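Student: I have a new structure to read. Can you walk me through it, feature by feature?

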Amino acid sequence: MKILVAVKRVVDHNVRIRVRLDGSGVETTGVRMSMNPFCKHAVEAAVQLAESGQAREIVVVSIGPRPANDVILTALAMGAHRGILLETDAPLETLAIAKLLAKLVEEEHPDLVLLGKQAVDDDSNHVGQMLAALTDRPQATFASQIERVGAALEVTREVDYGRETLSLPLPAVVTADLRLNTPRNATLPMVMKARSKPLVVRSAADFGVDLAPRLQIENISPPPERVAGRSVASLAEFAAAIAAEVNEMEAL
Amino acid sequence: MSVLLLADHDRGELAPATARLVAAAGGLGPVDLLVVADDPAPIAAAAATLAGVRKVLAVQGPTTAEALANTLERCAKGYQSVSASASSTGKDVIPRLAAKLDIMPVTDIVAIAGPNRFVRPIYAGNALETLTDPQPLHLLTFRASAFRPVAGGNAAPIESLDFSIASAAKLLAAHRTQTDTPDLATAQIVIGGGVSVGSAEGFQLIEKLGKTLGAAVGATRAAVDAGYAPNDWQIGQTGKIIAPDLYIAIGISGALQHLAGIQGARKIFAINTDPEAPLVKLADLALIGDLFEIVPQLIAELDRLSLASRTG
Ligand SMILES: Cc1cc2nc3c(=O)[nH]c(=O)nc-3n(C[C@H](O)[C@H](O)[C@H](O)COP(=O)(O)OP(=O)(O)OC[C@H]3O[C@@H](n4cnc5c(N)ncnc54)[C@H](O)[C@@H]3O)c2cc1C
Ligand SMILES: Nc1ncnc2c1ncn2[C@@H]1O[C@H](COP(=O)(O)O)[C@@H](O)[C@H]1O
């Protein structure tokens, strides 16, 4: 089985972001960037499938500016075999990302495409589902367990009512949730080794995909701030405040 | 502009959040609800009672993303918007359908700012994006918690549609959490427990407090990862988004990914040993102390208070 994994470079999830005062967006200059956490789980899942002899080759792809090479290197250090950067400086919408990935699927013919369930910058949660549609493959989103059973995959998904298990014939598209696995930290020797693995850079503009945005972003604003509250000294006071809230709800 | 809205359901019952989604979609134009289920009739009957619903379409069929996207596609003709909840189903289906139709979707909408202007949170709710969607068809998901529910009392007509829908993916098994607590996404009061609750037994204490108040129970990712609470209790960026009148956070630090799920709460109360915890700082009211001492006493005190108010 050949696996394609899509990884995105985003503002590190521990960074407290700042919204620019002019409404033009979120400040990203001088901010620590790293691999989107959900993508790490996708890479780990691919590497585990390779380690158990169920996958032969792992190709990792990222779409973005040149420094996105860093997240590809991280994936290579974790155990992926080769990397592709589709370079672009333009911020792309999820539909354009999915179309570029679909072109790559046409070239690479992976049996399985693994993605994160969501990128923690735009919080879209789109690309896996879109890619599945564009390549006419079955999908399993929000995966917390992946098992290969013959020519099919059995994937357990985290859904609003609990969990559900789907059977998907290959080729298929799966998006990773956080409980899928524990991503490994690449050791220094693995990082050194990653530098000698093949990594090609191609221009996103060369794929014949219309990359123009469809939506017009008007402005980005900070959310309304909550007014700071207070601490109470006694349990009785705390309980009375809860009771008062409940009474108010019942009165409405 | 008319809207086709996909209705969520579970165990043969219409999702309680549907009344809020009808309100949201109703902000754009007349709403037709689509029910796809093994046995759609009883769900469609409940859907038809919601105020503002023009008609209900009932389809018998599978509910994998492929099947739902295909069904929606077949029903979409004549509508200017195809919408769903930003639930695990809506998130699964709407982007798939959007790509099939070559439309860029707008998801997790928390406010409608005009006929084709929407507001959605990004960066775990730490920023709000206002955008215009100039496309001829709008593919949308709404966050139910951000909208007030419509009333009942309607008797919209129900139309049964018959077509067979194929899906390569097959549902093998559903694993449901056994619980009798109210629906998290629509509950008026929610109690949340963090990893410091320490065990599944510890969560029974949180549930007991929940029962005392008729509240739903939620958890942090750390508590779910530790196996103390089921995954569908997780509140936050990657869990459920809640908007209760009162949220009581017990032993929760207030990581930004957790805060992403509770920004819509009207009041936030916190119990924590650490006065410097972000959630304590953000709470309307906080009690500093050990949850294992406080929660049993709190249950007793609330029992006493409600008894007093009933007899008094
Ligand atoms: C991509 C990503 C997505 C995530 N999504 C989510 C999400 O959706 N939801 C979510 O919740 N998290 C999410 N997280 C995890 C999040 O970052 C935090 O790790 C998590 O919320 C912490 O949970 P916690 O508050 O239970 O634990 P901790 O942060 O460990 O806090 C424990 C708290 O309990 C207090 N405490 C300890 N003992 C007691 C006691 N005896 N009595 C009272 N208080 C006590 C401590 O003072 C502390 O404040 C996500 C993380 C990532 C990277
Ligand atoms: N620019 C990108 N490059 C590579 N993969 C991406 C990119 N954007 C999104 N993805 C993939 O799609 C997943 C979901 O992203 P999103 O739909 O933007 O929330 C991510 O976790 C990645 O696996």
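Student: How many salt bridges does the rule count over all chains?

Tutor: This is a predicted model. Over all chains, the count comes to 36 salt bridges. Take one inside chain A. The side chains of A:Arg82 and A:Glu108 meet, with N to O at 2.7 Å. This pair links distant parts of the chain, 26 residues apart. A:Arg82 sits in strand β5 (residues 82–87) of chain A, and A:Glu108 in helix α3 (residues 94–108) of chain A.

Student: And how many salt bridges are there between chain B and chain A?

Tutor: Nine salt bridges are counted between chain B and chain A. In one of these, A:Arg214 pairs with B:Asp102. Their closest N and O atoms are 2.9 Å apart.

Student: Which classes of residue make up the side of chain B that touches chain A?

Tutor: That side has 43 nonpolar, 19 polar and 24 charged residues. Polar contacts also cross the interface of chain B and chain A: the rule finds 43 residue pairs, both members at pLDDT 80 or more.

Student: How do I read the size of an interface?

Tutor: The size is often given as the accessible area lost when the parts come together. Here, chain B and chain A bury about 7,000 Å² between them. Carbon and sulfur atoms give 57% of that area. Which three residues supply more of chain B's share than any other three? They are B:Arg96, B:Met104 and B:Tyr123, with 11% of the area that chain B buries against chain A. Contacts give another view: 86 residues of chain B touch 80 residues of chain A.

Student: How do I read a sheet?

Tutor: Strands of a sheet pair through backbone hydrogen bonds, either parallel or antiparallel. Start with an open sheet of four strands, ordered β12(A)-β10(B)-β9(B)-β8(B). The pairing is antiparallel.

Student: Which strands are at the edges of that sheet?

Tutor: The edges are β12 (216–221) of chain A and β8 (111–114) of chain B. Each pairs on one side only. From one strand to the next, the twist averages 30°.

Student: How many bridges join β12(A) to β10 of chain B?

Tutor: Five bridges join β12(A) to β10 (residues 127–132) of chain B. The two strands run antiparallel. Within this pairing, A:Ile220 has B:Glu129 as its bridge partner.

Student: What is the strand order in the sheet of six strands?

Tutor: Read it as β13(A)-β18(B)-β17(B)-β16(B)-β14(B)-β15(B). This sheet is open too, and its pairing is parallel. Its edge strands are β13 of chain A and β15 (216–219) of chain B. Neighbouring strands are turned by 25° against each other on average, direction ignored.

Student: How do the strands of that sheet pair up?

Tutor: Go along the order. Three bridges join β13 (residues 230–232) of chain A to β18 (residues 285–288) of chain B. There, A:Arg230 stands opposite B:Leu285. Next, four bridges join β17(B) to β18(B), running parallel. B:Ala270 has B:Ala286 as its bridge partner in β18(B). At the other end, β14 (residues 189–193) of chain B pairs with β15(B) over four bridges. B:Ile191 stands opposite B:Val217 there.

Student: Which helices lie across these strands?

Tutor: Look at α6 (residues 235–251) of chain A. This helix lies across β13 of chain A together with β14, β16 (246–250), β17 (267–272) and β18 of chain B. Then take α5 (residues 200–213) of chain B, which lies across β14, β15 and β16 of chain B. Helix α5 runs at about 170° to β14(B).

Student: What should I look for in the backbone itself?

Tutor: Most residues other than glycine have a negative phi, and most peptide bonds are trans. A cis peptide bond joins A:Leu170 and A:Pro171, with omega about 0°. A:Pro171 is in the loop between β9 (162–169) and β10 (172–176) of chain A.

Note on methods: Residues are numbered from 1 along each chain as its sequence is written. Chains are lettered from A and ligands numbered from 1 in the order in which they are written. This is a predicted model: local features need pLDDT of at least 70, side-chain atom pairs count only at pLDDT 80 or more; totals for chains, interfaces and linings use all residues. Side-chain values use heavy atoms; hydrogens and water are left out. Two strands pair if DSSP finds at least two bridges between them. Axes are lines fitted to C-alpha atoms, for helices over the stretch in contact, and angles run from 0 to 180 degrees between N-to-C directions. Contact means heavy atoms within 4.5 Å. Buried area is the accessible area (1.4 Å probe) that two parts lose on being put together, summed over both. A salt bridge is a side-chain nitrogen of Lys or Arg within 4 Å of a carboxyl oxygen of Asp or Glu. A polar contact is a pair of N or O atoms within 3.5 Å; within protein, one must be able to donate a hydrogen and the other to accept it, and residues adjacent in sequence count only if both atoms are side-chain atoms. Ala, Val, Leu, Ile, Met, Phe, Trp, Tyr, Cys and Pro count as nonpolar, Asp, Glu, Lys and Arg as charged, and the others, Gly among them, as polar.
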